[in-house]
Amino acid sequence: MKKIYGFLLIAFITFACSKSSSSDPFIPDPVDDGPVLIDPLTDVEMMDLVQRETFKYFWDYAELNSKAARERYIPSNPNQDQHVVTSGGTGFGLMAILVGIERGYITRAEAVTRLQTLLTFLENADRFHGAWSHWINGNNGSAIPFSNQDNGGDLVETSFVAQGLICIKEYFKNGSPAEVELANKADALWKGVEWDWYTKNENVLYWHWSPNYAFAMDLKIQGYNECLVTYVMAAASPDYSISPDVYTQGWASNGTIVSSNVQYGLPLILKHAGSPQFGGPMFFSHYSFLGLNPMNLVDQFANYKNVVTNHAKINYQYAVQNPQNFEGYGMDCWGLSASYSRNTDGSLGYAAHSPVNDKGVISPTAAISSIAYTPTESLRAMHYFYQKKDKLLGKAGFYDAFSPEYNFWVAQAYLAIDQGPQIIMIENHRTGLLWNLFMQNEDVRKGLDKLGFTY
């Protein structure tokens, strides 16, 4: 029986993740009625599993003192960077906790206790004109330098925190006295960010400011990338709001953000930073849209439902076309985004994978977190990942990256910014929970109105 099972497993792997023909004559081609699936799940069971397992990253493996999201978690070396908190990933974690309540993984009371600790940590952590640093020490709240001159405020990461805080505010605002107190604290935290100060009195937002180096990094926040929500939050701020010109001249570069490029018959609509012809890493269309609902979002430059959907479909079609003939790419095995990666010597690295930076490495978050845009293609990929569960499914969901091209190399590690979008976007696909919470916020709506959006 074991030999028969092993034979069927080999047949399935050959069918689901191979080049057009096998070089091994002893591995048979798949039969017409398809391979025997291993422990097959329904689509609902598949989504349940991914949400449940991914939630563990933000609950079971949170930083011990702050309860915020760790930058990374490597099961084989759990102490590595154990107190390095990521601010953006923590914003995603706030939203994931709300999913955990709704899905019954934790009680509402457990969530409130956890969030009281977490929001108090954010309240006492180092802030730089209201903005949090990219990395924070979970022991004492001090900024950890992300790079040489990046030891101060990170406005983009801060906007991801704010996105989560607004969802917390909306979820708990009509609850018990403890919940109302929590909602008010969340509201005050994001409103303390001095968004307009990060313009340097120019019509653009700047990404970084350091108490030692000021604006020396000189990185303007201009799209299209993952940062649209940064401008929405800056416009929504009651006390530190930006003008519409900061958005149109800064983010949209006076309209030159608009693209006429078409790939695989799909218009890109906006120019993707670094990849104007094929679209950038998939996180461009995930991070801002965890709360900000693109499905009815339109401004003078784009219909954002089309932007994010076409981005995902191009990413998918690239894998189907597989121009570099990488092992495994296809209808079941797709998704390029920033994640852990494989260095040329086989060691663990990091890369912003995209069609113009393709290393033969698949990032499961790319396909999974696109489920609201490409449900059929994303679920097909999820089922494929699950068929490889012995290699790909770990303690906190699917591992961060893998490569069939290199003997099915797997990055047995996790990153908060890759796990968070999976549980959140699956929930948005199923119930619209986070989209509804964020989009009902009065300040958000005022900010969108100010920038000329319809939604």
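Biologist: Are D187 and K169 buried or exposed?

Modeller: The model is predicted. Buried means under 20% relative accessible area. D187, for one, has 12% relative accessibility and falls under that cut-off. For D187 and K169 both, the class is buried.

Biologist: How far apart are the closest N and O atoms of D187 and K169?

Modeller: D187 belongs to helix α6 (residues 177–191) and K169 to helix α5, so their pairing ties together parts 18 residues apart in sequence. The two form a salt bridge, for which the cut-off is 4 Å. The closest N and O atoms of D187 and K169 are apart by 3.5 Å.

Biologist: How many salt bridges does a search of the whole structure find, and which residue forms one with R103?

Modeller: The search of the whole structure gives 14 salt bridges. One of them has its closest N and O atoms 2.9 Å apart and pairs R103 with E427.

Biologist: How many residues apart are R103 and E427?

Modeller: R103 is in helix α3 (residues 87–103), and E427 is in helix α13 (residues 416–430). The salt bridge between R103 and E427 therefore links distant parts of the chain, with a separation in residues of 324.

Biologist: Which residues lie nearest the centre of the largest pocket?

Modeller: The largest pocket has a volume of about 590 Å³. Its lining is made up of 28 residues. Nearest the centre of the pocket lie H134, F146, F283, Y350 and I417.

Biologist: How many nonpolar residues does the lining of the largest pocket have?

Modeller: At least two residues of this lining come from each of α5 (155–172), β9 (338–342) and β10 (348–352). By class, the lining has 6 charged residues and 5 polar ones. The number of nonpolar residues is 17.

Biologist: Which element gives the most to the lining of the largest cavity?

Modeller: The search of the whole structure finds 1 cavity of 30 Å³ or more, and the volume of the largest cavity is about 40 Å³. Its lining includes F58, K67, T90, G93, L94 and I97. By class, this lining has 7 nonpolar, 2 polar and 1 charged residues. With 4 residues, the element that gives the most is α3.

Biologist: Which helices do the buried residues of α8 pack against?

Modeller: Helix α8 covers residues 244–251, and its buried residues are V246, Y247, T248, G250 and W251. These buried residues pack against α7 (228–236) and α9 (304–321).

Terms used: Residues numbered from 1 in each chain as written. Predicted model: local features only at pLDDT ≥ 70, side-chain atom pairs only at ≥ 80, totals over all residues. Heavy atoms only, no water. 1 Å grid on protein atoms, 1.4 Å probe; cavity = no way out; pocket = protein on both sides within 12 Å on 5 of 7 lines; lining within 4 Å. Points joined across faces, edges and corners; volume = space filled by probe spheres on them. Nonpolar A, V, L, I, M, F, W, Y, C, P; charged D, E, K, R; others polar. Buried < 20%, exposed > 50% of the residue type's maximum accessible area, 1.4 Å probe, protein only. Contact = heavy atoms within 4.5 Å. Salt bridge = Lys/Arg side-chain N within 4 Å of Asp/Glu carboxyl O.
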